[in-house]
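Here is a brief report on one structure.

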Amino acid sequence: MICLNKRVSIKEIMPLIMEALQSGGEVILTITGNSMFPMLHHGRDKVCLINPSGKPLKKYDIPLYKRCDGTYILHRIIAVKKDGYVIAGDNQYVKEYPVLPHQILGVVKGFWYKDKYISCDNFFYRLYCKLWVFGYPIRQTLVRARQHLRVRKYSKILHGRRGCMDIDK
């Protein structure tokens with residue numbers, strides 16, 4: 001088993017990850033980024049990846065996939081369609097579609113949340129997934145409303161409460 005306890009780019013270690021997954025091994029990675037918040041926290045939580053073994057993935061699975069631009073992403077499948085997967089981060093409202101089966105490199109088998117291991121087969125985790133995906137349209141509306149309010153707030157700060165100030169007067 002190879003254990004790296006230093007921060008490295010996923011692009012640097014992807015050959016090792018792929019070798020481990022293709023030989024039937026498991027890979028444990030610490031999460032970076034906030035796209036899967038609140039389930040996974042940046043720099044604290046870890047995921048255990050396995051090879052999807054060519055099997056079609058299911059709704060709620062969390063694949064590691066490679067975008068066409070070469071970026072590696074770990075997001076949740078929120079729908080399965082004939083021509084690919086619909087995927088989004090838990091903390092995002094933008095859907096990515098289609099993600100094709102050949103882009104999938106691994107799938108999360110379980111994760112460590114605050115140092116406690118949770119299997120993706122866990123009943124309560126599956127319930128969380130269903131509720132979280134069900135609430136996706138509501139979250140999308142709330143995030144857009146919050147962004148709109150934030151823009152209005154900063155607009156008032158920059159332009160004064162009575163509209164734009166004329167500096168020449």
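## Strand pairing

T30 has K46 of strand 2 as its bridge partner. Strand 1 and strand 2 run antiparallel and are joined by four bridges. Strands pair if DSSP finds at least two bridges between them. Helices (H or I, at least four residues) and strands (E, at least two) are DSSP runs, numbered from the N terminus.

Side chains alternate along strand 1. V27 and L29 point to one face and are buried. Buried means under 20% relative accessible area, exposed means over 50%, and partly exposed lies in between (1.4 Å probe, protein chains only).

## Basis of the model

This is a predicted model, in which local features need pLDDT of at least 70, side-chain atom pairs count only at pLDDT 80 or more, and totals for chains, interfaces and linings use all residues. Residues are numbered from 1 along each chain as its sequence is written, and side-chain values use heavy atoms, with hydrogens and water left out.

D45 sits in the loop between strand 1 (27–30) and strand 2 (46–50). D45 counts as buried because its relative accessible area is 0%. Its side chain reaches the backbone nitrogen of K114 at 3.0 Å. A polar contact is a pair of N or O atoms within 3.5 Å; within protein, one must be able to donate a hydrogen and the other to accept it, and residues adjacent in sequence count only if both atoms are side-chain atoms. Beyond neighbours within four places in sequence, the contacts of D45 include L29, M39, W112 and K114. Contact means heavy atoms within 4.5 Å.

Q103 belongs to the loop between strand 7 (96–99) and strand 8 (104–113). Q103 is buried, at 10% relative accessible area. The Q103 side chain reaches the backbone oxygen of K66 at 2.9 Å. D83 lies between strand 5 (76–81) and strand 6 (84–88), in the loop. D83 is partly exposed, at 47%. The C-alpha atoms of D83 and L100 are 7.3 Å apart, across 17 residues of chain.

## Salt bridges

Side chains of opposite charge can pair when their charged atoms come close. The structure holds four salt bridges. Each is a side-chain nitrogen of Lys or Arg within 4 Å of a carboxyl oxygen of Asp or Glu.

E26 bridges to K109, with the closest N and O atoms 2.4 Å apart. E26 lies in the loop between helix 1 (10–22) and strand 1 and K109 in strand 8, so this pair ties together parts 83 residues apart in sequence. E26 is partly exposed at 45%, and K109 is partly exposed at 34%. R76 bridges to D90 at 2.8 Å. R76 is in strand 5 and D90 in the loop between strand 6 and strand 7, so the pair ties together parts 14 residues apart in sequence. Both R76 and D90 are buried.

## Nonpolar surface

F123, F124, L127 and L131 make a nonpolar surface patch of about 470 Å². Patches are made of residues with over 30% relative accessible area and no salt bridge; like charges are joined within 9 Å, nonpolar side chains (Val, Leu, Ile, Met, Phe, Trp, Tyr) within 5 Å. Accessible areas come from the Shrake-Rupley method with a 1.4 Å probe; for residues, only the protein chains shown count as cover. F124 is placed in helix 2 (residues 123–134). F124 counts as exposed because its relative accessibility is 62%.
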